[in-house]
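Please read them alongside the sequence and the coordinates.

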Amino acid sequence: LFASLDHDGSGTITLAELEHHMNQDLVKDYFEMLELDVRDAWTFFRLLDSDGGAEIDLDEFLWGCMHLRGNAKALDLAKLQHDHKWLVKKNTEFMVFVEEQLSRLTRMPPARMIARVPTSLRTQSKSEGDQSAFQVPVPPGTDAEAIVRQSIPTPLLS
């Protein structure tokens with residue numbers, strides 16, 4: 001089965017190759033015999049691609065097929081585990097970023113923290129008549145917007 005899915009003979013299966021063969025009766029019958037519910041090729045591919053390399057090698061294919069055997073509950077559980085692992089990784093990266101930013105703020109003198117508020121926020125108001133709603137004292141000669149732009153990573157400014 002692996003060899004028939006590996007259309008270009010590279011020793012790996014890509015998502016395009018898997019999708020191309022998923023509608024063939026022989027492939028459907030084989031997966032059905034293994035008790036694998038593979039109606040969603042992308043999800044099935046993602047679960048088999050354990051290293052995230054966008055290709056499935058023979059070991060990943062065999063391991064995935066053996067561990068995903070059974071009713072749809074096994075496939076659903078594997079999908080949830082995969083998604084959970086990805087979310088934990090992204091959440092951890094975000095928490096590290098936030099901790100770094102908070103650490104930088106706590107080491108900053110109070111006058112600089114006040115200066116970090118952009119001018120646009122200092123002049124906005126909640127209502128037309130209330131010009132003091134967001135005003136923050138900034139030391140004379142301080143360019144608050146320049147300080148903010150220097151301290152925020154470029155991707156966050158885009």
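How many residues apart in helix H6 are Glu93 and Lys90? They are 3 residues apart, which puts about one helical turn between them.

1. Basis. This is a predicted model, in which local features need pLDDT of at least 70 and side-chain atom pairs count only at pLDDT 80 or more, while totals for chains, interfaces and linings use all residues. Residues are numbered from 1 along each chain as its sequence is written, and side-chain values use heavy atoms, with hydrogens and water left out.

2. Glu93 and Lys90. These two side chains form a salt bridge with an N to O distance of 3.6 Å; the term requires a side-chain nitrogen of Lys or Arg within 4 Å of a carboxyl oxygen of Asp or Glu. Glu93 is partly exposed at 41% relative accessible area, and Lys90 is also partly exposed, at 36%. Buried here means under 20% relative accessible area, exposed over 50%, and partly exposed in between (1.4 Å probe, protein chains only). Helices are DSSP runs of H or I with at least four residues, numbered from the N terminus.

3. Asp83 and Arg46. The structure holds 3 salt bridges. In one of them Asp83 pairs with Arg46, with the closest N and O atoms 3.0 Å apart. This pair links distant parts of the chain, 37 residues apart: Asp83 lies in helix H6 (residues 72-106) and Arg46 in helix H4 (residues 41-48). Arg46 is buried, with a relative accessible area of 17%, whereas Asp83 is partly exposed at 23%.

4. Asp83 and Lys79. Asp83 also forms a salt bridge with Lys79, where the closest N and O atoms are 3.7 Å apart. The two residues are 4 residues apart in helix H6, so about one helical turn separates them. Lys79 is partly exposed, with a relative accessible area of 30%.

5. Leu36. Neighbours within four places in sequence aside, Leu36 is in contact (heavy atoms within 4.5 Å) with Phe31, Phe44, Cys65, Leu68 and Arg69.
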